[in-house]
Amino acid sequence: MLMRPTPKSSILFLMTRSSAPTTIAAARLALTSGHLNRAAGSAFSTSAASRNMQDIKNVTVFGAGLMGAGIAQVAAHVGFKVTLCDVTDDALNNGKKIIESSIQRLAKKSPGAPPFSSEIVFSNLNTTTDPTRAVSEADLVVEAIVENLKVKQDLFKLLDGSAPRSCVFATNTSSLSVREIAESCSDDRRKRFGGLHFFNPEPQMKLVEVVKAPETAEETVEALLAVCKQMDKTAVRCTDTPGFIVNRLLVPYMFEAIKMVERGDASAADVDVAMKLGAGHPMGPLQLADFVGLDTCHHIMTGWREKVENGEDVGLSKDLVAESKMLTDLVAAGKLGRKSGEGFFKYDK
Ligand SMILES: NC(=O)c1ccc[n+]([C@@H]2O[C@H](COP(=O)([O-])OP(=O)(O)OC[C@H]3O[C@@H](n4cnc5c(N)ncnc54)[C@H](O)[C@@H]3O)[C@@H](O)[C@H]2O)c1
């Protein structure tokens, strides 16, 4: 068996809420001692810097959407002092609502021993729309804003000038290169910059991918792994490779299934039945693609194709990323999968 049957959500992931339907969610770190090092402005690799890494206490999360709210919830629950930052008060209120309903939903699931306490989470959580204030005492920044390279680079550029020198920066991007996002930061910060890829719904999903970009220091990876442990997550580490681990394997799988249907090798329904009953998967690859969103699948593959065309050595073959006309046509026709009511299959809206 290739994959243990899991809740639908656990094999689903990806991108922004606008590109990943909310049905996916339904179906799936001030220093005290660390401040000394900041003040001294010491080199990253000193033992003092390593000590900073172990002393992550203040976590600032950017983006109070689906992912940012979940990350803030879990971090606050385990005792980090969390500052959640978004662009408007409305967005912050929305984030608080996401947290409240997550806590209530999970309490209903396990009434005897609810996994989260509203009191603990909210006592450790502050909100602000001021990014500079948000990071003034941060030990770790976790960015979970819109999946747009320029917007993320602009935010990190601003934060690089405002956050303490020892602060670690992490991005929750699903599909962008961590190295490219970090490009707007100073050389020094890029050593303290890595990927922390959480999965949706974050409070329930155990996995975090810890991503080491070429310039990420080993101490940074270790600090991020330690944070995951404190958040009771299982962390896996990987390089800054497209799709990291989970999506690097899942996206080609869905894409191959689409190409089988396109060539007429098998119907969409039969491909899905085959993978459910023959491989024990909880859902077939085409239904999975519909749930992820065909526009999202198309967007990711287009990005990967551009890397191959640009000659980037990222382990992707030309054949793998070759365009699927069927997928392009479905997207052009507005058949985006579950969220639009039709993709490879039809859905009640
Ligand atoms: N949704 C998923 O399933 C999923 C899973 C893993 C990773 N991700 C990644 O997480 C990130 C966020 O995804 P999401 O689904 O939570 O998106 P979302 O649309 O739910 O939330 C994004 C939030 O970021 C805010 N924002 C935008 N610009 C900002 C800025 N400059 N400063 C502060 N806040 C800002 C928006 O107002 C919004 O509240 C993306 O990079 C996405 O790829 C998403």
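Close-up 1. Helices here are DSSP runs of H or I with at least four residues, strands are runs of E with at least two, and both are numbered from the N terminus. Keep in mind that this is a predicted model, in which local features need pLDDT of at least 70, side-chain atom pairs count only at pLDDT 80 or more, and totals for chains, interfaces and linings use all residues. Residues are numbered from 1 along each chain as its sequence is written.

**Close-up 2. Helix α15 from end to end.** Buried means 20 or more other C-beta atoms within 10 Å of a residue's own, exposed means 12 or fewer, and partly exposed is in between, with C-beta atoms placed from the backbone.

**Close-up 3. Where α14 meets α15.** These two helices pack at about 95°, their axes 5 Å apart. Axes are lines fitted to C-alpha atoms, for helices over the stretch in contact, and angles run from 0 to 180 degrees between N-to-C directions. So α14 is roughly perpendicular to α15, a label for angles of 65 to 115 degrees. On the α14 side the contact (C-beta atoms, placed from the backbone, within 7 Å) uses A289, D290 and V292, and on the α15 side L294, T296 and C297.

**Close-up 4. One side of helix α11.** Which residues of α11 are buried? They are T220, A223, L224, V227 and C228. These cover an arc of only 140° around the axis, so they sit on the same side of α11; the arc is that of the directions from the helix axis to the C-beta atoms. An α-helix has 3.6 residues a turn, so residues three or four places apart point the same way. Just past the end of α11, D232 has a positive phi of about 60°.

Close-up 5. T132 belongs to helix α7 (residues 131-134). Why is T132 partly exposed? Because 13 other C-beta atoms lie within 10 Å. The C-alpha atoms of T132 and S162 are separated by 5.7 Å, though the two are 30 residues apart along the chain.

How values were computed
Parallel < 35°, antiparallel > 145°, perpendicular 65-115°, else oblique. Contact = placed C-beta atoms within 7 Å.
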